[in-house]
Amino acid sequence: MITTPDGAIDVQGRSRPLGGPADQARLLHLRASASVVLVGAGTARLENYGPPSAPGLRIGVVTASCALNFESPLFASGAGFVVTTTDAPQVPVDSIRAGVGTVDFASVIQQLPAGIVHVEGGPQLNAALLDADLVDALNITLSPKLVGARGPSLSLAPHALRRFALSSIEQRDNFAFVRYVRSTTASATQVRD
Ligand SMILES: NC(=O)c1ccc[n+]([C@@H]2O[C@H](COP(=O)([O-])OP(=O)(O)OC[C@H]3O[C@@H](n4cnc5c(N)ncnc54)[C@H](OP(=O)(O)O)[C@@H]3O)[C@@H](O)[C@H]2O)c1
């Protein structure tokens, strides 16, 4: 996720105004090591999620309602699939279902391709994963902009205090790319230009 020093994650519902080419390059770099991407339905809808440029990479859209545009390029391309509960409405695309009423993310992860599950927000999905204690690392881009408006932050729900350790900081074009890992697995901190 990208955030500003004053805690904003969007400008009028879109995160793109906070970013730039260096931030986009960082996203592609992170996706390159991912076996799969997860994104909340709110973000997929508001940010008009499309298919990833990396061949074979798939994006799971987490939803309870299954109220998604299945004719959008993300789903029409075959790259998109749905992550939802067992009692959610049927969908015309691939789906992974776990949990009744609420998504059982531990079970979902068991059903995903092995490797890194790269989560791209938004705040409701982040909160659910933090509450389930399933977050191993945070990749946060600090934007060199201030927004000043009060809105959602990186994670919405009240969850238990989670401790992370600084793993690396990189900077490019006035953006800072910060990586935190679970404190129990923290390695030496690297600071690079
Ligand atoms: N700065 C950044 O890097 C960044 C990144 C991502 C998003 N954002 C911003 O975040 C905003 C969107 O946030 P949002 O509040 O809509 O959060 P979100 O987590 O993207 O989406 C919320 C929706 O996703 C589904 N969902 C999330 N968690 C779920 C769970 N545990 N179980 C079942 N369904 C779940 C639900 O979809 P249904 O309603 O379909 O049931 C829910 O309404 C946008 O303004 C976007 O720009 C910013």
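**Close-up views of a predicted model**

Asn 48 is partly exposed because 13 other C-beta atoms lie within 10 Å; by definition a residue is buried with 20 or more other C-beta atoms within 10 Å of its own, exposed with 12 or fewer, and partly exposed in between, the C-beta atoms being placed from the backbone. This is a predicted model, in which local features need pLDDT of at least 70 and side-chain atom pairs count only at pLDDT 80 or more, while totals for chains, interfaces and linings use all residues. Residues are numbered from 1 along each chain as its sequence is written.

**View 1. Asn 48 in the loop between helix 2 and strand 3.** Phi of Asn 48 is near 50°, a positive value in a residue other than glycine. Helices (H or I, at least four residues) and strands (E, at least two) are DSSP runs, numbered from the N terminus.

**View 2. Asn 174 in the loop between strand 8 (164-172) and strand 9 (175-182).** A positive phi, near 75°, is found at this residue, which is not glycine. Asn 174 counts as exposed because it has 11 C-beta neighbours inside 10 Å.

**View 3. Ser 65 in the loop between strand 3 and helix 3.** Ser 65 is exposed, since 9 other C-beta atoms lie within 10 Å. From Ser 65 to Thr 85 the C-alpha to C-alpha distance is 9.4 Å, with 20 residues of separation in sequence.

**View 4. The largest nonpolar core, with 24 residues.** Such a core is a set of buried Ala, Val, Leu, Ile, Met, Phe, Trp, Tyr and Cys residues joined through C-beta atoms within 7 Å. Val 37, Leu 38, Val 39, Ile 59, Val 61, Val 62 and Val 83 have the most contacts inside this core. Elements that each supply at least two of its residues include strand 2 (34-40), strand 3 (59-62), strand 4 (80-84) and helix 5 (123-131). Strand 2 gives the most, with 5 residues. Beyond its neighbours within four places in sequence, Val 39 is in contact (C-beta atoms, placed from the backbone, within 7 Å) with Ala 44, Tyr 49, Ile 59, Val 61, Glu 120 and Gly 121.

**View 5. The shell of 28 residues around the ligand.** Gly 40, Gly 42, Thr 43, Gly 121 and Gly 122 are the closest. Helix 2 and helix 5 each supply at least two residues of the shell. Gly 122 lies in the loop between strand 6 and helix 5, and the peptide bond from Gly 121 to Gly 122 is cis, with omega near 0°.

Methods: Two residues are in contact if their C-beta atoms, placed from the backbone, lie within 7 Å. A residue is near a molecule or strand if its C-beta atom, placed from the backbone, lies within 6 Å of it.
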